[in-house]
Structures are given as structure tokens and as C-alpha cells.
Amino acid sequence: MIVEILIFGTVQGALLALLSLGFSLVYGVGGLLNLAHGAFFLITAYVIHWMIIFFGFGFWIAAIISLAVVVGVSAVTYLGLMKPLQDSHIGIVLVTFALAFFFEQLVRFYSSQTYYIVPPVPGTINFFGVNFPAQLLALMIGSAILVTLVTLFISKSKIGKTIRAVSQDMEAAKLVGINTDMVLMTSVMISALLVGFAAVLYAPGNFIAPRIGWGYLLLAFAVTIFGGMGSIPGSILGAFIMGYASSFTDYVISPSLSPIIPLVVILVMLLLRPQGLLGKKELL
Amino acid sequence: MASLSIDLISMVNRFRVWALTFRGSITLFCLLGLLLVPLTGNEYLTTIIITSMILAIFAASWDLLAGFAGQVSFGHSAFFGIAGYVTAAFVRFLGHHWVIALLAGAGMAVVFSLLIGIPCLRLKGPYLALGTLAFSLVLYRLFLTGTWLGGTEGISGLPRAENPYLVFYAIAGFMVVSLVAMRAIADSRLGTVMKAIRDDELCADASGINTTVYKLLAFMISGFFAGIAGAIFVLDTTAVNPAIYQPLYSFYAIIMASIGGIATIYGSIIGAFLFIILSEVLRPLAAAALLIFAALLILIIRFAEEGVMNPVLEKVQELYDKIRGR
């Protein structure tokens, strides 16, 4: 029981970290609330599916193409839709919502049923008497590598420094000659890459349908609020706490309650500590 | 008594002056066109217009809260849904008249707006939006997994009104009265206070406005009108299920209000009619319909930041003035 909770909690946490890191990054840097975040997951999963079905590519080639597609789409989204509406927060929310709706309908137009992508990593692994698909191990390892890389990129590299500068004070960053539009676009692209990897690693072995984007968006939302909007360590920590909490609920309390637990956690968190676990206290 | 009649005369005069202005005449013209719709005998058209009118009330209630008081809510479907459920329960299980049920539903929505408003008042901006979203999602899950009030199936089989004309005119009346009332609130002293809170909460606080009370008041008024919309919606469709709490409905309201123009109230009518009629016109295209609809939606939001109503009206007025040679 404890081993199961730990394993599946880690899996959930790894997935949630990939989903929420980018979401939180984009919000933290530019104050952009990207409701199309879940749609990025959706299109990555479906591009993989289409590449395999229509063109007969192998899984990994399809995965690389789909990641390129999703990063390209995110760059176009930023330039075409988010940048012109940057001044109004509600405008960003509306346009990304409409975009997510558009992607859902686009996917539904071509393949409206539910599909199953065969996991590229076959077999099961036995860990202290618990069997689980090897694909999930790939998810855990992939997530750990990516999260480490992105964290290092943001804390060490020069672009990462500009990202942090913009997130602290956009005006001041502009004054010292940072191209803030470029920085925002980079962070949107990083976020799309992360959510794309989440789709590459988690969608195979699960069913995909046009509506799945909203569920992943909600998860990213939940973790980001829990960990603190715009805080990268906060969203990683929040992801794993939320992951263990939901697998604990699954095994100990009741699986039917587990979808409601994250929502209750969000509400309690918002009421007691609106800035989240590690979030910055916002000034009035 | 004398002063009352003078008031009445001055009101009539003001109405006449307003009706002769550009906006007034267009409004009256559109209203007249709206009232003629059921006389065409086209049942399909009538149904669409009824849906548009109900959603116009709903969108306007969101606009009052977000556009004037600056409290952006993503969970407006909570008010819509709870009023719908209470109304359905009153009619179906307790056998009350629909007017009582409607008032009970709207009253319940006000209670819920307090329940949601009081804890969410500490939150600002996106946090408030997400907090209200979470509330509506919790309600959605509770009604989906719970067994009360019909569980997953919801409540269905509400009595249907026999006279379709009566239904149409009653709903049109509700829409006109609700929107005029909301606009009057927005233009009153209360509306000014709400705008002050929206523009600078700290400053409003410093000038002696009890922001907590006024924000709660804005929540209650908005919840009341959203509740009316929800109750009418359920009475019209004669059924309700947990899907009414979906965030989709909240987003419909937001989209309609912003298509029409935020902080205009009347813009919501334009937004709702445009949204519903567009989605119906595209329906024959089957699978591609929603795709085109979503693309149009992106374009409208992207290029019409102020909404559609005011810019279009200004353009038409310029044209009209040119024709008259002014």
C-alpha cells in the first residue's frame, strides 16, 4: 500500500511538475494567464497520433515533430494573439480560451473518437512487489531530467537571467536594454516545450480525446495556485505534494473523491494563503 | 400627488428626447423588431432568440460585476446553476408557481453570492478569478457525484407553458427590465462607488468608502441577476442537470460581454445575440461549424478590444450625420 502510494504519487507528481512549471513560468514572467496551456498538451498528443497513423513514422520521430509543432504554435500564439493584447489581462484570458476552444474543435474535426497510443517503452517493472508499466518510469526519469534542466537554465544561463529580470520588474528590464518581448516569447516556448514533453511521456498508454486539454489545464492551474503563482520551486514542490495527496486519496479514501480533492485544496489554499506555498506576497 | 405627476411628465419628456436621439431611436427600433419575432410564426427563430435573451441577462450580470466593480469572476455559472436547481426543485418537488420558484432561485443565488463573495473578497485579480472558478467546479463535482436533487441525471419534466407568445414576451420583459435596472445601478451613486473601487481600491478605501460592503453588494446584485437568468433558463428548457455548473457557461458569459463591450451592460445583448445567432447560422456546416466559430471568436476578441457595440454605433452615427449633411 505505502509503496503503491509512493510510486503512483511520484508518477503524478512528475506529470504535474511538467504541466505546471511552464504555466507558472509564463504567469510569473509576464502576468499572462495562458488558458491554451492544456490545448498544447492536446495538440502534441494528436500530432504524435497523426504522424504514426497517417505517415507511418516511428514513435520517437513523431514525438520530435510534435514537439517542434507545439513550440512553433506557441511562438505564433504569442506573437499573433498574446503580444497585441498584453495590456489587458482579461483580453489574454479570453483569447487563449478561444484558442483552446479552437484547437479542441480542430482536433475533433479530424479525429473525433477516442484513440490509444501504444507506449514506446514496453513491458512492466516490478518494484518491491508492485507492478507498473515501464512507460511510467520513463515519465519519472524524463520529468526529473527536464525539470532539472529548465531550473538550471533559468538560474544559470544568460537568457535565464533576463527571464528572471523581466519577472522581477518589466519596466526596469526594458530600461537596461532587455528585449522583453523576446523574453516573454522564450518563456511561452519553454512552457509549450515542457507541456509537450508531458504529452510525449504521458499520453502513450492513455486514451486521448479532443476534450482532454481542459483537464490538464485545470491540473496545471491547481498546482500553480497551490505552489504559488510564478514561483518555480513552488510549483515543483506543489506538484509532488499534490501528486502524493491524490494517490493517497485514491488508495486510502475513495477514488471517486480524488477529482474533488485538488479543488478543495485550491480553495483552502486561496483562502488561507492566497500567494501559495512559496509565492511572493503581492503588494496592493 | 402633484409632484408625482410633474415627475411623470418630466420622465415622459425625457423619454421623448431620448427616443429622438440616434441611440434611442436605434434601441427602440431593435426592440420593436425583437417584439415582432414571435409573430413570424417561425418556432426555430423564436427558440434561438429566447436563448439569446436569457444569456444576455447572464452576460450583463457578469459585466456589472467585472466591468463596473472590477471583480473578475470565472465562476458565474455557480449562480446560474444554483438558481436553476432551486427553481427546478421548487416547481417539480414542492409544486410552487413558477414566479415563486424564480424568486426563490434568485434569492438562493444571492445567498450563494455571499457565500462565495465573503471568502473570495481577500483575493484580487487572477486569484479571485480562480477562486470563483474553483467554487463553481466544486459545485459541479458535488452535484455530479452526489445523489441529492437528481444526482447525475438532474431534474427534468418541468411543466411547459402552453402559450409560446406569452413565454417569449415574458422573457423579453425580464430581459429589458433586468438590463435597464442593471444600467440604472451602474449609473447611480452605487455604480460610481463600484467604478472607484475598480479603478483604485486603495484610493477608494482612503476616501472613506467601505470597500468590503460595496464589493459584497456588487457580488449580490450580480448574483441576483445571474440567478434570474439561470432560473428562466431552466424554466425554458424544463430540465436541469449538473452540466449547468460547467465553467463553459461562465466563459460564455465572459465572451458575450466582451464581444458586446465590457462595462456597457447593453453590449451584452449584442454579444449574446451575435454569439448565439452565429453559432446557429454555422450549424449546417456540421463538423466544421464549431471550428469556424472558434476562429471567428479569436478574430473578434483579437481585433475588437472595445467590443462590437460602441465602435459600430459610432461609425454608423458618423455615416448618418454625413448623409444628413451635418
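Modeller: A crossing is called left-handed if the near helix is turned anticlockwise from the far one by less than a right angle. Keep that in mind as we look at this predicted model.

Colleague: Happy to! Which hand does the crossing of helix 1 of chain A and helix 5 of chain A have?

Modeller: That crossing is left-handed.

Colleague: And why are helix 1 and helix 5 of chain A called oblique to each other?

Modeller: Their axes, for residues 2-30 and residues 134-156, cross at roughly 40° and come within 9 Å. Angles under 35 degrees would count as roughly parallel, and 65 to 115 as roughly perpendicular. The two helices are therefore oblique to each other.

Colleague: What makes up the contact between helix 1 and helix 5 of chain A?

Modeller: From helix 1 of chain A come residues including A:Thr10, A:Val11 and A:Leu21, and they meet residues of helix 5 of chain A, among them A:Leu136, A:Ser143 and A:Val150. Sorted by type, this contact has 13 nonpolar, 2 polar and no charged residues.

Colleague: Let's turn to the two chains. How many residues does each chain bring to their contact?

Modeller: Chain A and chain B bring 30 residues each. On the chain B side, helix 6 (125-145), helix 11 (247-260) and helix 13 (287-303) each supply at least two residues. That side of chain B divides into 23 nonpolar, 3 polar and 4 charged residues.

Colleague: Where in chain B is confidence lowest, and where highest?

Modeller: Lowest is helix 1 (residues 2-20) of chain B, with a mean of 76, and highest is helix 10 (residues 211-237) of chain B, at 91. The mean pLDDT of chain B is 84, and the model scores ipTM 0.76 and pTM 0.80.

Conventions:
Residues numbered from 1 in each chain as written. Chains lettered and ligands numbered in written order. Predicted model: local features only at pLDDT ≥ 70, side-chain atom pairs only at ≥ 80, totals over all residues. Axes fitted to C-alpha atoms, helices over the stretch in contact; angles between N-to-C directions. Helix = DSSP H or I, 4+ residues; strand = E, 2+ residues; numbered from the N terminus. Parallel < 35°, antiparallel > 145°, perpendicular 65-115°, else oblique. Contact = placed C-beta atoms within 7 Å. Nonpolar A, V, L, I, M, F, W, Y, C, P; charged D, E, K, R; others polar. pLDDT = per-residue confidence, 0-100.
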